[in-house]
Amino acid sequence: MDCSYFRARINHYVDGELGYLETAELQGHLSFCADCAEELAQMSEVRGAMATWGRTELAPPPGFAERVAAAAALEPKPGEATVGRVVGDALDALDDTLGRIPLPGGRTIPVKNVLGYGLAAAAVLIQVERYLRRARELKPL
Ligand SMILES: [Zn+2]
């Protein structure tokens, strides 16, 4: 027998979300299908365990509050300049100044990113050129 129709309803049955007819239909099936009755029993057991966990109060590990306070004391204060903030502000200002390049599909890319990619590519090309020149110089004629 294909029990998938009833299995799909057991969760709703446990939650009390089935109507009168669906409930009667499922209960009729459960009266002779041991597999679905076992599924219902397991689901009810899991639900009961979860309900118990919901009332369990967990204590923080020892020293948790002290570690949080120490970490918070190390955090920069609002408005305090840090290297990350200075660099971030500079990049934001650069982004505002240079704008964005439209791409197909309505997307855009910041101009500063394109400049960054270009500088990285130029650095790679310079290194490749240096490597090739040095290889030519070392090569015996
Ligand atoms: Zn069944």
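**Two domains in a predicted model**

The protein is divided into domain 1 (4-54) and domain 2 (101-141), with bounds taken from an automatic or database domain assignment. This is a predicted model, where local features need pLDDT of at least 70, side-chain atom pairs count only at pLDDT 80 or more, and totals for chains, interfaces and linings use all residues. Residues are numbered from 1 along each chain as its sequence is written.

User: What is the distance between the C-alpha centres of domain 1 and domain 2?

Analyst: Those centres lie 64 Å apart.

User: Which pattern does the protein follow along the sequence?

Analyst: The pattern reads α-α-α-α-α-β-β-α, from six helices and two strands. Helices (H or I, at least four residues) and strands (E, at least two) are DSSP runs, numbered from the N terminus.

User: Why is the protein called more spread out than a compact globule?

Analyst: Its radius of gyration is 33 Å, well over the 14 Å that the globule rule gives for 141 residues, so the protein is more spread out than a compact globule. The radius is taken over C-alpha atoms, and the rule is 2.2 Å times the number of residues to the power 0.38. The C-alpha atoms fill a box of roughly 95 × 50 × 40 Å along the principal axes.

User: What makes Leu125 exposed?

Analyst: Leu125 has 10 other C-beta atoms within 10 Å, so it is exposed. The cut-offs are 12 or fewer for exposed, 20 or more for buried, and partly exposed in between, with C-beta atoms placed from the backbone. Leu125 lies in helix H6 (residues 111-138).
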